[in-house]
Amino acid sequence: MTDDTTATDRATEEAGMSTEAVVLTGAEIVCECLLREGVDIVFGYPGGAILPTYDALTKYPQLHHVLTRHEQGASHMADGYARATGKVGVAMATSGPGATNLVTGIATAMMDSSPIVCITGQVPTGAIGTDAFQETDVTGITLPITKHNYLVTSVDELAEVIREAFHIARTGRPGPVLVDIPKDIQIQSTNFVYPTEPVTLPGYKPPRVGRADQVDAALKLIRESKRPIILAGHGISMSNANRELAQLCERAQIPVALTLLGKGAISEQHPMCLGMMGMHGGAEVNHAIQQADLLIALGMRFDDRVTGNLATYARNSRKIHVDIDPSEINKNVNVDVGIVGDLGEVLRQLLDRVERRPNDAWFDRIAEWRADSELREIVRPADAPQHPAVPEGKLLGAQVIRDLFEFTGGNAVTVTDVGQHQMWEAQYYQHERPHSLITSGGLGTMGFGLPAAIGAKMARPDQEVWAIVGDGGFQMTSMELATAVQEQVNVHIAVINNGFLGMVRQWQEFFYEERYNQTPMVNPDFCKLAEAYGIPAIRVTEREEIEEAVHRNRARAAGPTLIDFVVEKEEIVFPMVPAGADLDDMIRRPTPEEFERKRRERAAAAEAPEEPAPEPEAPAAAATVGTRFGV
Amino acid sequence: MAKHILAALVENRPGVLARVSNLFRRRSFNIDSLSVGRTQRENISRMTIVMESDAAEADRLVKNLYKLVDVVHVDHLHSQPSVVRDMALVKVRASSENRREVIQLCDIFRARIIDVGAESLVVEITGEEEKLEHFTELVRPFGIVEMVRTGVIALGRGGHTLKDEGYKPNRTRSARRRNVL
């Protein structure tokens, strides 16, 4: 017996669970296994093929089942639960449509490496392949969007399969695992012995420490660099390597840029932290990446939203890439040193030997870029001189987020949907702690926000949780308001309501000559919608009203709340790297000076009509992007 | 671009072939041939994958194959001395007048005639792909009625074997899991 075995044994006994064989049905085995995996909440929706398991759930009051209003909500809630805690989230659904409705949530979890286990009912074994009622090949459908999946073929293997599923979901590069259980197997009985030995899978051995020669090579590159930059991704917080990251950047004086999911990897108040990179990242951050002589990529995957045009990406830099998934190394960007391993382990290997040295000239250069960005900043304290581009008396989405940051003390867990409000969140809500921003980065799933926020709040009831959603995405899953009410989930919803699919509208403005096709939305009255569910709601139309509204809803300690922020319709997220453009080829907001000059020129042109009108200026971005490939 | 021969040991689990072939499709790998069969181990099958690509692409495929839980081991066989074989059954049109000529060709290629009909012969030929291609070119003028190839299979020479020492079959499941490709 190994130490692990005794530990598991002990844990099982302490939990009052016997390791003696007992005869249980498949459905009961599912529940027993969930308990032993430490599950306390299951998000799901019942139906024919999963009914035996729902019936068994009545005998396991320790497993709290949350009835969602759509199975998509269940998979997003499980995902939100997982991202808020690092624990495995569990979603349950019936066969056929129940299972297919989980798909978007599973793909979302896959793209962002979120550990969830989905349990689906399947038609009885004998009916599989006959196009039975509510039959669908869900293991086939989810093959490319799960880390692994199982179709259980015998009740005797059920316990082992569920154990493997949790093991695979939570270890290595985490991800979603689906277990499809035919109805007859849920009904059949067998001797249930919970396996106590650790899971061993011959084809699955997550790496831990980095290879020593590669660590040496990385240290050499760090030593030789003058303009290094760390690119910190989701992997930092997933490996709990936050402290190691802070130590590394402090010791070697290396600035840190964050990916969207990397927010929280290091406190954004930390002097070494530059903020977010990429398509809507800070201009100074993107300049720093393009001018760096060394990129140290940690637990990030060089997504196209982060690199822009790969051919010109950080052309003069050497590159170190640390990731737990070997297939990420040299996938999009060829690197000089690739280290495969757990980030915590690898960073400790590096920390042991990294040298202290100043990088003042490099930081000075970044400070110059930052000063230029600050000139263009549109969100300023209410009593400071405002940027002339701020429309008089209009509420800006960006201001709402900044004020929300202020009035929540920066301490909330925020869960966003996808679009402009998501980017403003990333730009204006500074996160200090890991797992405090939950957002769909890779798949960009509209409709993620509300259900994921419900899952996050249920996972961490002691935490203030805000769902920041746009009016478009909110309406994709707003039926989950009922779930929040039924479970009395104290989640605060902020709808950034501009009556447009704002991000799509922004692309249409820049790249499709302002043809706003299918982006204006006729919305319901969100306050009345909330009231229909019994949810207290406030409408905010001016900046002065934000503080009171936020505090009023924060003070409500039970059940969901909602604020409908009616914001400027045609606001733009700046800066923007057009898809496929070079990373430092950004569309910027003009400086106040540029803005005033343009305004004067326009006024002068209007006063002198006899002069031939100057060639209309082609939209800058359309010209940049014209023939380039990009999505 | 070069020919890459990869050998993969996989667990005999439902859907493993679908997982591997889906990987080719999903990540746009262009595969020349794929052959699958059992090994001396009850729960392990072996896949031989041939692809025409650059080294980086082959490396990418290896890494992605390893991500599949059911894949136990993968090896580049082209980078070691190895024996490589493909096999074809070719039904060649051959009347009484030209049958001798076809038989002579078969002799030269050490191909075996395994069926003789009034108008045709079935020839079994094994060897490296080039040999098979050369042979089919030579018999083409007689008329190839139909043919089938197994795809390439390969083994490392001498002491070079695919590592699966760490492999222990899963007790509960191994008994039931056979022939599930």
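Student: What share of the 181 residues of chain B counts as buried?

Tutor: In this predicted model, 28% of the residues of chain B count as buried. The word applies to a residue with 20 or more other C-beta atoms within 10 Å of its own.

Student: Why is A:Arg301 called buried?

Tutor: A:Arg301 has 24 other C-beta atoms within 10 Å. The cut-off is 20 or more, so the residue counts as buried. A:Arg301 lies in the loop between strand E12 (294-298) and helix H14 (304-307) of chain A. Apart from its neighbours within four places in sequence, A:Arg301 is in contact with A:Gly233 and A:Glu328.

Student: Why is A:Asn240 called partly exposed?

Tutor: A:Asn240 has 14 other C-beta atoms within 10 Å. A:Asn240 is found in the loop between helix H11 (234-238) and helix H12 (242-252) of chain A.

Student: What makes B:Arg110 count as exposed?

Tutor: B:Arg110 has 10 C-beta neighbours inside 10 Å. A residue with 12 or fewer is exposed, so B:Arg110 belongs to that class. The loop that holds B:Arg110 runs between helix H3 (99-108) and strand E6 (112-116) of chain B.

Student: What is noted about phi of A:Asn240?

Tutor: Phi of A:Asn240 is near 50°, a positive value in a residue other than glycine. Phi of B:Arg110 is likewise near 50° and positive, again in a residue other than glycine. Such values are noted because most residues other than glycine have a negative phi, just as most peptide bonds are trans.

Student: Which peptide bond is cis?

Tutor: The bond from A:Phe574 to A:Pro575 is cis, with omega near -15°. A:Pro575 is found in the loop between strand E20 (561-566) and helix H25 (592-607) of chain A.

Student: How is chain A divided into domains?

Tutor: Chain A has domain 1 (3-192), domain 2 (212-371) and domain 3 (391-566). The centres of domain 1 and domain 3 of chain A, taken over C-alpha atoms, are 31 Å apart.

Student: How many residues of domain 1 of chain A are in contact with domain 3 of chain A?

Tutor: There are 25 residues of domain 1 of chain A in contact with 27 residues of domain 3 of chain A. On the side of domain 1, strand E2 (41-44), strand E3 (64-67), helix H4 (71-85) and helix H6 (103-111) of chain A each supply at least two residues. H4(A) gives the most, with 11 residues. By class, this side of domain 1 has 10 nonpolar, 11 polar and four charged residues.

Student: How do you know that the length of H4(A) agrees with its number of residues?

Tutor: The expected span is 1.5 Å times one less than the number of residues. H4(A) has 15 residues, which means that it should span 21 Å. Its end C-alpha atoms are 21 Å apart, so the two values agree.

Student: What makes H4(A) mostly covered?

Tutor: Of the 15 residues of H4(A), 14 are buried. H4(A) is followed by A:Gly86, whose phi is positive, near 80°.

Student: What does the contact take from chain A and from chain B?

Tutor: The contact takes 18 residues from chain A and 23 residues from chain B. On the side of chain A, strand E6 (148-151) and helix H8 (158-170) of chain A are the elements that give two or more residues. The residues of that side divide into eight nonpolar, seven polar and three charged.

Student: What is the order of the strands in the open sheet of chain B?

Tutor: The order of the four strands is E2-E3-E1-E4, with antiparallel pairing.

Student: Why do strand E2 (31-38) and strand E4 (71-76) of chain B stand at the edges?

Tutor: Each of them has a single partner strand, so one side of each is left without a neighbour in the sheet. Neighbouring strands of this sheet are turned by 15° against each other on average, direction ignored.

Student: How do you know that E2(B) and strand E3 (residues 44-53) of chain B pair?

Tutor: Pairing requires at least two bridges. E2(B) and E3(B) are joined over seven bridges in the antiparallel sense, and therefore they pair. Within E3(B), B:Ile49 stands opposite B:Leu34. Helix H2 (residues 55-67) of chain B packs on the sheet, touching strand E1 (2-11), E3 and E4 of chain B.

Technical notes: Residues numbered from 1 in each chain as written. Chains lettered and ligands numbered in written order. Predicted model: local features only at pLDDT ≥ 70, side-chain atom pairs only at ≥ 80, totals over all residues. Domains from an automatic or database assignment. Contact = placed C-beta atoms within 7 Å. Nonpolar A, V, L, I, M, F, W, Y, C, P; charged D, E, K, R; others polar. Axes fitted to C-alpha atoms, helices over the stretch in contact; angles between N-to-C directions.
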